[in-house]
Amino acid sequence: MVRLLLTLLSAAFLSQAQTPADPAALAKMLGFEADPAGGFPGGWSGAPKETISADDQVVHGGHWSARLERHADSANAFSVLTKSLPMDFAGTKLELRGFLRTENVTGFAGLWAREDGESPTLAFDNMQNRQLKGTTEWTEYTIELPVHRDGRQLFFGVLVSGTGTVWAD
C-alpha cells in the first residue's frame with residue numbers, strides 16, 4: 001500500500017542511522033506483508049478496530065492487503081488505518097503513494113497524511129477533495145505535502161468515510 005518514495009525514506013533513515021536503508025526492509029515496514037495480529041494488519045494501528053482487517057483474498061500484490069469495511073451501524077463517521085514516522089529528513093516535498101480499490105463507498109476513501117510539529121497539523125491531505133467513492137478497480141494514488149522545517153512527526157495511512165469498503169496495498 002503505502003510507498004513513500006524510497007529515496008525519501010532512505011534519506012530519513014540515513015539521517016538517523018548514517019547507514020544505507022534496505023529498500024526491502026522499508027517496503028516491508030510500510031506495506032501489509034507483516035503477519036497480521038489478530039486479523040489486524042501487522043505493524044499498523046487504527047480505529048474502529050472492528051472495521052479494519054488484513055485481507056489475503058483481495059490483494060494488488062504480495063500476500064496481504066488492508067481492508068477497511070464500514071456498514072450503516074459502524075462506530076464513528078469514518079475508519080482510519082495509521083502509521084507514523086519521525087520527520088528527520090530534508091527536502092521540499094513528501095510524496096505518499098498507494099494502491100486503493102473501493103466497493104460501494106458512499107462517503108469517500110483515500111490516502112491521508114499529516115505533518116505535525118510543536119503545534120499539530122503543519123500540513124494535511126486526505127484526498128477528500130477527489131471524492132473517491134463508489135466501486136473502483138485497483139488504482140495508484142498520490143498525495144503530496146510540503147516538508148516543513150518545524151515538522152517532527154509524520155502520520156499517514158488510509159481512510160474511508162460513510163459506508164463501503166476500501167482495500168489498500
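My entries below go from the overall fold to the aromatic rings and then to the charged side chains.

**Entry 1: the overall picture.** I noted at the start that this is a predicted model. I looked up the secondary structure and found 2 helices and 9 strands in the protein chain. Reading along the sequence, I wrote down the pattern α-α-β-β-β-β-β-β-β-β-β.

Entry 2: I checked how much of the chain is covered: of its 169 residues, 47% count as buried. The accessible surface of the protein chain comes to about 8200 Å², and carbon and sulfur atoms hold 52% of that area. I then turned to contacts with a separation of 6 or more, and 73% of these join residues 24 or more positions apart.

**Entry 3: the aromatic pairs.** How many aromatic pairs does the structure hold? My search returned 2. One of them is formed by Phe-32 and Trp-44, with 4.9 Å centre to centre and 35° between the planes. I filed this pair as tilted, because its angle falls between the 30 degrees limit for stacked and the 60 degrees limit for edge-to-face. Phe-32 and Trp-44 both lie in the loop between α2 (23–30) and β1 (45–47), so the pair ties together parts that are 12 residues apart in sequence.

**Entry 4: the partner in a strand.** I moved on to Trp-44 and Phe-156, where the ring centres are 6.0 Å apart. Their planes meet at 85°, so I logged the pair as edge-to-face. Trp-44 sits in the loop between α2 and β1, while Phe-156 belongs to strand β8 (residues 153–161). This pair links distant parts of the chain, 112 residues apart. Taken together, Phe-32, Trp-44 and Phe-156 form one aromatic cluster.

**Entry 5: buried or exposed?** I wanted the accessibility of the cluster members next. Phe-32 is buried. Trp-44 has a relative accessible area of 7%, which is under the 20% cut-off, so I marked Trp-44 as buried. Phe-156 comes out at 0% relative accessibility and counts as buried too.

**Entry 6: charges over rings.** Which ring does the charged end of Lys-49 sit over? I found it over Phe-40, 4.2 Å from the ring centre. I also listed Arg-114, whose charged end sits over the ring of Phe-155 at 4.7 Å from the centre.

Note on methods: Residues are numbered from 1 along each chain as its sequence is written. This is a predicted model: local features need pLDDT of at least 70, side-chain atom pairs count only at pLDDT 80 or more; totals for chains, interfaces and linings use all residues. Side-chain values use heavy atoms; hydrogens and water are left out. Rings of Phe, Tyr and Trp (its six-membered ring) pair if their centres lie within 6.5 Å; planes under 30 degrees apart count as stacked, over 60 as edge-to-face and the rest as tilted. Helices (H or I, at least four residues) and strands (E, at least two) are DSSP runs, numbered from the N terminus. Buried means under 20% relative accessible area, exposed over 50%, partly exposed in between (1.4 Å probe, protein chains only). A charge sits over a ring if NZ of Lys or CZ of Arg is within 6 Å of the ring centre and within 35 degrees of the ring normal. Contact means heavy atoms within 4.5 Å. Accessible areas come from the Shrake-Rupley method with a 1.4 Å probe; for residues, only the protein chains shown count as cover.
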